[in-house]
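Here is a short tour of a metal site for you to follow alongside the model. Have the sequence and the 3D view open as you read.

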Amino acid sequence: MDIMNNIDPRPLTPYTRDVLLKKIKAQMSSHRFEHVLRVEQAAIELAQHYEVNVQKASLAALIHDYAKERPQSDIEDVMTPEEKALILPFGNNIWHGMIGAKLAQKELEIQDTEVLEAMKYHTTGHVHMSKVAQILFLADYIESGRTFDGVEVARKKAYESLEVGVQFKLQRSVAFLASKNQPIFPLTLEAYNAWNHHIILK
Ligand code: GDP
Ligand code: FE
Ligand code: FE
């Protein structure tokens, strides 16, 4: 197993790093697990740069795609009817973080709000994101395996400031989704308006 660092996730979870990694690895393809480890590396580097809690950044990154390959039935079990109505039409891409946070709480025994909220909003972003959440949002976008057009600009902006990085990712994501005629989740639009234009409607 690739242990790239020895950051101990305890007591944010009762599990040692070794056990936690095994549990996460068991949930996904090796391809995705490698992505998770690269996101952790990117998150640690950002956390060190911005003097944010490295242990929380590491843990949030390790769990962020925990539910990405879980069947819809597992997810529906932990969703309220309101959540189903809002989230299911957008598919796995949207719910794997939002609902995955509930599975991580239950199965990985993580209770830290900052870590869980970072996971919850890692795909869509949110009007209100802690520094840990901002770091995960950016780490997932700029991890060393990402090769999309503009990733170098994204990496540079992420190190200008977290705010500039988040603004850029939201702007590019909204534009990208619209260019592909994809639906845009309400939280993503709210986050885009708030972070880029300081417009908060509620
Ligand atoms: P991953 O889990 O590491 O692949 O990355 P993410 O969790 O950030 O994103 C998963 C996918 O969701 C990506 O392909 C995004 O383009 C897509 N996505 C992000 N926001 C939205 C949205 O508002 N609407 C839709 N339809 N897709 C989105
Ligand atoms: Fe994800
Ligand atoms: Fe990811």
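## Ground rules

Donors here are N, O and S atoms within 2.8 Å of the metal (3.2 Å for Na, K and Ca); water is not among the atoms, so sites may look incomplete.

This is a predicted model, in which local features need pLDDT of at least 70, side-chain atom pairs count only at pLDDT 80 or more, and totals for chains, interfaces and linings use all residues. Residues are numbered from 1 along each chain as its sequence is written, chains are lettered from A and ligands numbered from 1 in the order in which they are written, and side-chain values use heavy atoms, with hydrogens and water left out.

Asp 65 sits in the loop between α3 (54-63) and α4 (72-77), and His 96 in helix α6 (residues 92-98), so the pair ties together parts that are 31 residues apart in sequence. Helices are DSSP runs (H or I, at least four residues), numbered from the N terminus.

## The iron ion (ligand 3)

His 35 (NE2), His 64 (NE2), Asp 65 (OD) and Asp 140 (OD) coordinate the iron ion (ligand 3) at 2.2 to 2.4 Å. Their spacing reads H-x28-H-D-x74-D.

Asp 65 coordinates both iron ions, ligand 2 and ligand 3, which are 3.6 Å apart. Asp 65 is buried, with a relative accessible area of 4%, and His 64 is buried at 0%. Buried means under 20% relative accessible area, exposed over 50%, and partly exposed in between (1.4 Å probe, protein chains only). His 96 is buried too.

Methods:
Helices (H or I, at least four residues) and strands (E, at least two) are DSSP runs, numbered from the N terminus.
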